[in-house]
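Hi,

Here is the structure I promised to pass on.

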Amino acid sequence: MHKFSFLYVKVPMSTELYLDANATSAVLPAAIAAADEAMRANFGNPSSSHATGLKAKAMLDAVRQRARRILGSGNGRLVFTSGATEGIQTAVLSALCAIRARRASGEATGDLLLYGATEHKAVPESLAHWNRLLGTDLELRALAVDASGQHQLDVLRELAPRAALVCTMAANNETGVVSEIEAIGAVLRQCAPQAYWMVDSVQALGKLKIDLAASGIDYAPFSGHKLYAPKGVGMLYVREGAPYTPLMAGGGQEGGQRSGTENMAGIAALGAVLAALEDGSTFRSDAQLSAFREQVAAALRSALPGVVFNAPFDKSLPTTLNFSVPGFSSKELLDLFDAAGARVSAGSACSSAKAAPSYVLEAMQLPDWACSAAVRMSFGPMADAAFIDAACACIARCGEALRASCLIPSELPPHSRDGVVQLGVDGACTWLLLDSASRSCVIIDPLAPLSNRIAAFVRCQDYRVRAVLATGAERASDRAVLMAELGSSLERAAESNDALGWPLACDAVSLGNGMLVNAIALGGQMLARLPQDAGVFTRVSYLLGDVSDGVLAAGAVRFAFTGRACDDAVPALTGQLNRDTLLCPGRDEQGLFCTTLRSATNAAPAAGANLLEPAALDRFLLTHADALLIDVRETYEHAAGGACWQGRSALSVPLSRLVGELAGWLRAEQRPLVFFCRSGNRSARAVQCLQRLGYQNAWHVAGGVALGGARAPVAMAA
């Protein structure tokens, strides 16, 4: 993950906008009322024969009948479940039990379990699970999709004669791509009459016309919480005549098809949603939703130059946009939108460290960068014009935050502060040394993946790059990439530098031990080059500090850039540094940020050290009037939506600038420093770093802005 931040601004938190409807939805007010009624007044067990039970049974039957009408289920079964996962499990179990029985009787069944390459992971994992447990030993095979995400029908036609069970989906949860259900059905009827067919219909309810009995589909699972019903309720359609094996046996509920007392509150709520579907006035039309999508897409194009939409709109649900932005990871964009109050999701599984490429987009053979950087923005069919307008305004604010942070082209005036900035990719570190007064900088150990971003920042801030340096030969090729990007921003041509980027014509300075070394002036400080290997420049370190009378004394060295892991550089530098010089590594897989000679042997404190629960933060700030509240989110996040507690605005010190601020904090009196971020992970890392360096009066807020920040109402209409 890249980190790059420079601006200090204060912006109030915005209204929260929920744009992750494909993951789950807010609950329809009518559904809440129906669930409340079911729990409060109609609480009977539908299996009971007394009047209270009969009333509950009548409600259950009414919801089932309404679902039958909406889904066109004909004479097929319609079983209430806990959701789509249970429905998928039941369908797969039913099909594989029947396939095993048919094979045992000598009937040809096919030897493939065929599933779409872009299916939700619940499908192939269920297939593998039951295939193993039942001993059917069938081959699992992914059905390829084309560049638009639709199933390749020619491949299906080729494989269908071998298929025992085919699993596709009505619409993809990541991209919104709508499958050609009629065409798939035609191929299966012609080429695979022996095969059973399951269609994951989770994203279809309320968004696509559904006529199950006429489709030839054997199994279709649905989930209520994707369409304004609560979690924990769903349905499974089973075609008349299709084999069925209960996943759960016991009390014989649902006519023996699914044991376990029915979730009556959930079913009542689902019934209210289905009633809204039937009335035809609650949800927007396809034309209205398509217009909303175009409006959101236009806002994204304006705010995020180069944005690429990963699925064609004419083949996708109008409520889903999947996009990638060159130069940005999905984690960065999620953090940005989250700071602005918009809840979106990655197009792939995402951890705090690195996003895994989207297997859905990989199956569509999209470029690697797009697969790794995808973001999904989705709204529900109840979205209205006011909600979409608010979403577009939020997107525009995100674009403004990126421009203010020099992450996309900007005409804003330079505003950078002095300091040391740490950037990282996969454990490797790049360091930027900035002097705003002279508009000059030095870059140490550049990484090629960061070249575009560094060059954009330098141009945006109108910096002169005095040198692009490496600490070792392994970064030489990365240097060349960045220098090509920097162009006219470079102070010297490449041929005026040595192999590691050091200027052939430079100043000199004496170290505290009397050694005379080369140096570059950077504002009021000097950057000295320290040979490490008997004067052979295959591995060097750089020292930054204040010079007095031509001498850079050990006590004046504030930073040492070593090109090595934090602790590996300590022995070679001991005689040149003071005990509080910050050692800035070339690699930092452990997330230490930096170290000092004093702290090199210190163990990292426990992750829960100096933790403040959100409820205790107000009291802490009231009793510690000198406490400094620090936002360690990246600058574009802070710009998109700053935060405050007790009327206090927060100082923006992103993790990428933490090392640059440490020197001042470590030399001053230890006032309370209270760090926060979006979720508490980054602030915990900041506190661990400070405590390891000896600053014990550092605290962080559990849950960060997500749990303890300024609250705003949630816009849930969509």
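One term before anything else: buried means under 20% relative accessible area, exposed means over 50%, and partly exposed is in between (1.4 Å probe, protein chains only). Keep in mind that this is a predicted model, where local features need pLDDT of at least 70 and side-chain atom pairs count only at pLDDT 80 or more, while totals for chains, interfaces and linings use all residues. Residues are numbered from 1 along each chain as its sequence is written, and side-chain values use heavy atoms, with hydrogens and water left out.

Salt bridges next. I count one when a side-chain nitrogen of Lys or Arg lies within 4 Å of a carboxyl oxygen of Asp or Glu. The structure has 27 of them, and here are a few.

E86 and R258 form one, at 2.7 Å from N to O. This pair ties together distant parts of the chain: E86 sits in helix α3 (residues 84-104) and R258 in the loop between β8 (234-238) and α8, 172 residues apart. Buried or exposed, what is E86? With 8% relative accessibility, E86 is buried, and R258 is buried too, at 14%.

Then there is a network: salt bridges with shared partners connect E16, K331, D335, D338, R343, E637, R678 and R682.

E278 and R69 make another salt bridge (2.8 Å, N to O). It also links distant parts of the chain, with E278 in helix α8 (residues 264-279) and R69 in helix α2 (residues 51-71), 209 residues apart. E278 is partly exposed at 35%, whereas R69 is exposed at 51%.

R40 and D36 meet at 3.3 Å, N to O. Both are in helix α1 (residues 29-40), and they are separated by about one helical turn because they lie 4 residues apart. R40 is exposed at 54%, and D36 is partly exposed at 38%.

Finally, the sheet. β25 pairs with β31 (residues 698-701) in the parallel sense over 2 bridges, and L612 is opposite V701 in β31.

Cheers

Note on methods. Two strands pair if DSSP finds at least two bridges between them.
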